[in-house]
Amino acid sequence: MHNIIGKRDIYKENRLPISPENGDMGHKTMQKIARKHGMVCLLHEKPFDGVNGSGKHNNWSISTDTGVNLLEPGDTPYENAQFLLFLCAIIKAVDEYQDLLRISVASAGNDHRLGANEAPPTIVSIFLGDELTGILKAIETDTPYGGKEKELMKIGVHILPKFPKDTTDRNRTSPFAFTGNKFEFRMLGSSQSISGPNVVLNTIVAEELKQFADELEGVADFEDALNHLIKKTIKEHKRIIFNGNGYDESWITEAEQRGLLNLKSTPECLPNFLHEKNIRLFTEHGVFSKEEMESRYEILMENYCKVINIEARTMAEMVKKEILPAVSEFSHELAETIQTKKAVGADDTYESATLEHVDQLLKEAYFSTKALEDTLEETGKIPDITDLGNYYHDGVFAAMSKLRESIDELETITSKTYWPYPSYGHLLFGIR
């Protein structure tokens, strides 16, 4: 069997920086270097159940044409106001376009990863850290903030209190985390290009900055208008800020109460791409036409269907041609051993109990495989791409999950002499 090499190791060896410029070129390089060493680089987001998935952290910020980072908290009242304004634009953008950010990372592979094993959940939220969240709350409510001598924060007059950079949540459960002078968008799957998510991020923030500019331009008292805008934005969009554990079941309930979206699968989230507000966003900014968006939607949904179709048919073939015959041979050996032991009066408790268990699971696996194949046959009767995507998720993928239950259990009790595929121990740790 081939070994598996980590993506960061390959980047390090080839001296390629992990950056937006590399994109798909990085994927090709990783696979090329892996082959050079007789290894395989897996770009699948979730190749193993119960093992951490593989994703990307897209580090995103905004700077001027002279290199000034607009998300760098400053040392002057002017920089304080500038930072807060751009921060609020991003908060508003992420809140109003949660669906687009989720869509930008949607794929069949990433559906396995999101929400488990150190990957962010499917609910989009922003992590700011307690310090910065406290500052925003003080501004919103006109309450004092600071150390021993607390005072009211006035935007454009006071300097922001110093707070530690990179106060990020280390458990990686935040989809969109502020890390001192940039944001990390952590929902991307390892197989996808960062270009799509960045198109969404750039466009939604541009829309909010346009709205801010329209509101502030020409006002009589700029400082007062700025204070009002920032306070209003914090109040109306603070629901998207969450600094807690994204894996906690209570967060799902709380997020629902806040009115946040929880789009768990690709077929569930993709239709949101064609909502009127999203079409208006991209067309007004000249990013996509309506026809281009409709085309992209169909391509994304069709790709999801094709991936699940390939995986389902491969699964059925593996089970029929390899696993069922192998387990049947193991069952046959158990039956012969039972007969031999009974003939000499030896105890056959293990063999009899195991044979009964194996035969039951073998039967379940056979019927589950037949059910999966029957489900696949129905896909050709569904012409609408949206209905087909939902069917692949609710029908085909569900049938695959059902089949896996009996197969996974059979793997734990079938002799490795007969089991046709490497175990997790063999794949991940070389244990034979």
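1. The largest pocket has a volume of about 1300 Å³. A pocket here is an open set of points on a 1 Å grid over the protein atoms alone, where a 1.4 Å probe fits, with protein on both sides within 12 Å along at least five of seven lines. The volume is the space filled by probe spheres set on the points, which are joined across faces, edges and corners.

2. The model is predicted: local features need pLDDT of at least 70 and side-chain atom pairs pLDDT 80 or more, while totals for chains, interfaces and linings use all residues. Residues are numbered from 1 along each chain as its sequence is written, and side-chain values use heavy atoms, without hydrogens and water.

3. The lining of the largest pocket comprises 29 residues, of which P47, F48, M318, R404 and Y424 are the closest to its centre. Lining residues have an atom within 4 Å of a point. Two or more lining residues come from each of α12 (290-344), α14 (385-413) and α15 (424-429). The most, eight residues, come from α14. Helices are DSSP runs (H or I, at least four residues), numbered from the N terminus.

4. By class, this lining has 17 nonpolar, six polar and six charged residues. Ala, Val, Leu, Ile, Met, Phe, Trp, Tyr, Cys and Pro count as nonpolar, Asp, Glu, Lys and Arg as charged, and the others, Gly among them, as polar.

5. There are 21 salt bridges in the structure, each a side-chain nitrogen of Lys or Arg within 4 Å of a carboxyl oxygen of Asp or Glu. One of them joins K92 and E96, at 3.2 Å from N to O. These two residues are four apart in helix α3 (residues 77-96), so about one helical turn separates them. A network of salt bridges links K92, E96 and E208.

6. Buried means under 20% relative accessible area, exposed over 50%, and partly exposed in between (1.4 Å probe, protein chains only).

7. D111 and R102 also form a salt bridge, at 3.4 Å from N to O, and both residues are buried. In the salt bridge of E184 with K182, the closest N and O atoms are 3.4 Å apart. E184 is buried at 10% relative accessibility, whereas K182 is partly exposed at 23%.

8. The disulfide count is zero, taking a disulfide as a pair of cysteine sulfur atoms within 2.5 Å. Of the cysteines, C269 is buried at 0% relative accessibility, and C305 is buried at 4%.
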